[in-house]
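Please look through the sequence and the model below before reading on.

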Amino acid sequence: MSASACGGAAQASCPSQDKLTANLNGIKNKIVVLSGKGGVGKSTVATNLAVGLSLAGFNVGLLDVDVHGPSVPHLLKLTGVVPGFEDGVLQPVPWSDKLGVMSVGFLVESRNDPVIWRGPRKTGVIEQFMREVNWGERDFLVVDCPPGTGDEPLSVLQRLQPDAKVVVVTTPQQVAIADVRRSISFCRALGAPIVGLVENMSGYACPHCGKVEELFSADGGVDLCAEMGVPFLGRIPIDPMLMRDGDQGNPFVAQGRANPTAEALQAIVSKISACAKA
Ligand SMILES: Nc1ncnc2c1ncn2[C@@H]1O[C@H](COP(=O)(O)OP(=O)(O)OP(=O)(O)O)[C@@H](O)[C@H]1O
């Protein structure tokens, strides 16, 4: 089976869903970043994708629905920010004039408090995000999901239908691949088209010379794409600068570096923007 990015079947929406998604009507392209496995770099990919698209001139929203570990505020140096609330709707927090951000992390009072919410509460928060954030006119909404195929990705994909597309993130190891295979089946069961798969932490980028060395098994993501007919979007190496930038709240793609990691991220941004509805 061969695969190309951008594909996707439209599905009929229902009136109650139309009401729930009214504040999403001005968004041309919805990209959901997910993975069956935790810690593979979903937030890193989602944040750099959103920033990269905004730097390419697109008007972008970034929505973080990881209720248990919302990391987007930290990755963009926006921790402690309280979003505005006007006319009954939340206002995205501006990172720049081209990128607005909303995260469940903005609504949790303390960064040290655990979020102990059962499924319906989590689903309710996600539906509130869908319904009550004034996204306005955007070229893209990038959604960072928590790991797995549970309530949060299910709610997001159901609410964003019929036109959400998915970017799946994995690492090369078989233990991640097995979970990510389930994510692909999950998307297919929901009728959500997959733009492609990113193999993150694929090899190691030397901080001195930039050369990428294979560390563990390679090509797990490529093989999975071939097996399941999913487009391959690229490999991002383990790069200490990518981690350090994230820790410091400086998105890597905005630092103007020229190395294999920057090239890989830029290529992913270009592939996603090539699929954009104008
Ligand atoms: N290619 C990479 N090179 C180096 N560090 C990376 C890379 N990708 C991600 N990281 C680091 O790995 C850690 C986990 O990344 P991230 O939070 O993006 O994963 P996640 O999949 O969103 O996690 P979770 O499942 O907890 O939501 C972070 O410290 C991040 O900086």
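## The nonpolar core

A residue is called buried if 20 or more other C-beta atoms lie within 10 Å of its own, exposed if 12 or fewer do, and partly exposed in between, with C-beta atoms placed from the backbone. A nonpolar core is then a set of buried Ala, Val, Leu, Ile, Met, Phe, Trp, Tyr and Cys residues joined through C-beta atoms within 7 Å. The structure is a predicted model, in which local features need pLDDT of at least 70 and side-chain atom pairs count only at pLDDT 80 or more, while totals for chains, interfaces and linings use all residues. Residues are numbered from 1 along each chain as its sequence is written.

The largest nonpolar core has 73 residues, and those with the most contacts inside it are V32, V33, L49, V142 and V143. In soluble globular proteins, nonpolar side chains tend to be buried together. Two residues are in contact if their C-beta atoms, placed from the backbone, lie within 7 Å. Setting aside residues up to four places away in sequence, V32 touches V143, C145, V156, L157, L160, A164 and V166.

## The chain as a whole

Helices (H or I, at least four residues) and strands (E, at least two) are DSSP runs, numbered from the N terminus. By this count the protein chain has 9 helices and 11 strands. Of its 278 residues, 46% count as buried. Among contacts between residues at least 6 apart in sequence, 80% join residues at least 24 apart.

## Strands and a covered helix

Two strands are said to pair if DSSP finds at least two bridges between them. Strand 7 (residues 138-144) is mostly covered, as 7 of its 7 residues are buried. Strand 7 pairs with strand 1 in the parallel sense over 6 bridges, and in this pairing N29 stands opposite F140. Strand 2 (residues 60-64) also runs parallel to strand 7, joined to it by 5 bridges, and here L62 has V142 as its bridge partner.

Strand 5 (residues 93-96) and strand 6 (residues 99-103) instead pair in the antiparallel sense over 3 bridges. A hairpin of 2 residues joins strand 5 to strand 6, and P94 stands opposite G100 in strand 6. Among the helices, helix 5 (residues 151-160) is largely enclosed by the rest of the structure, because 7 of its 10 residues are buried. These buried residues are E152, P153, S155, V156, L157, R159 and L160.

## The annotated site and the ligand

In an unreviewed entry, UniProt lists G36, K37, G38, G39, V40, G41, K42 and S43 under "binding site"; such positions are given in the numbering used here, feature names are shortened, and annotations may be inferred rather than shown by experiment. K37 lies in the loop between strand 1 (27-34) and helix 2 (42-55), and it counts as buried because it has 21 C-beta neighbours inside 10 Å. Apart from neighbours within four places in sequence, K37 is in contact with P147, T170, A176, D179 and V180.

A residue is near a molecule if its C-beta atom, placed from the backbone, lies within 6 Å of it. In this sense 20 residues surround the ligand, the closest being G38, G41, S43, T44 and M243. Helix 2, strand 9 (194-205), strand 11 (232-238) and helix 8 (240-248) are the elements that give two or more residues to this shell. The shell divides into 8 nonpolar, 9 polar and 3 charged residues, where Ala, Val, Leu, Ile, Met, Phe, Trp, Tyr, Cys and Pro count as nonpolar, Asp, Glu, Lys and Arg as charged, and the others, Gly among them, as polar.

Most residues other than glycine have a negative phi, and most peptide bonds are trans. A cis peptide bond, with omega about 15 degrees, joins Q161 and P162, and P162 is found in the loop between helix 5 and strand 8 (164-170).

Phi of K77 is positive, near 55 degrees, and K77 is placed in the loop between helix 3 (72-75) and strand 3 (85-86). K77 is partly exposed, with 13 other C-beta atoms within 10 Å. D87 also has a positive phi, near 50 degrees, and its place is in the loop between strand 3 and strand 4 (89-90). D87 is exposed, with 6 other C-beta atoms within 10 Å.
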